[in-house]
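Good morning, and thank you for the time.

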Amino acid sequence: MVFIMHSFAWLVDNSVAAIVCFPGIIYRGGAEQKIRKYLVDNNYIDAII
């Protein structure tokens with residue numbers, strides 16, 4: 001999850017990033033779950049494929 005937040009921090013306004021990761025990152029709890037919830041609640045994620 002750290003690499004997602006690192007990529008997110010380097011984006012400029014109105015830019016897009018595509019991040020490929022293992023499926024397990026979608027299901028983990030704890031701090032990763034809080035980060036995912038923040039990203040979804042604030043409309044930073046357009047799609048998960």
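Which residues of helix H2 (residues 31-41) are buried? They are Glu32, Arg36 and Leu39, where buried means under 20% relative accessible area, exposed over 50% and partly exposed in between, with a 1.4 Å probe and protein chains only. Seen down the axis of H2, these buried residues fall within an arc of 65°, so they line one face of the helix; the arc is that of the directions from the helix axis to the C-beta atoms. On the other side of H2, Ala31, Lys34 and Lys37 are exposed. Helices here are DSSP runs of H or I, at least four residues, numbered from the N terminus.

A word on the basis. This is a predicted model, in which local features need pLDDT of at least 70 and side-chain atom pairs count only at pLDDT 80 or more, while totals for chains, interfaces and linings use all residues. Residues are numbered from 1 along each chain as its sequence is written, and side-chain values use heavy atoms, with hydrogens and water left out.

I turn to the salt bridges. The structure holds two, each defined as a side-chain nitrogen of Lys or Arg within 4 Å of a carboxyl oxygen of Asp or Glu. Glu32 pairs with Arg28 at 3.3 Å, N to O; Glu32 is buried at 17% relative accessible area, whereas Arg28 is partly exposed at 41%. Asp41 pairs with Lys37, the closest N and O atoms being 2.8 Å apart. Both lie in H2, four residues apart, about one turn of the helix.

Note on methods
Helices (H or I, at least four residues) and strands (E, at least two) are DSSP runs, numbered from the N terminus.
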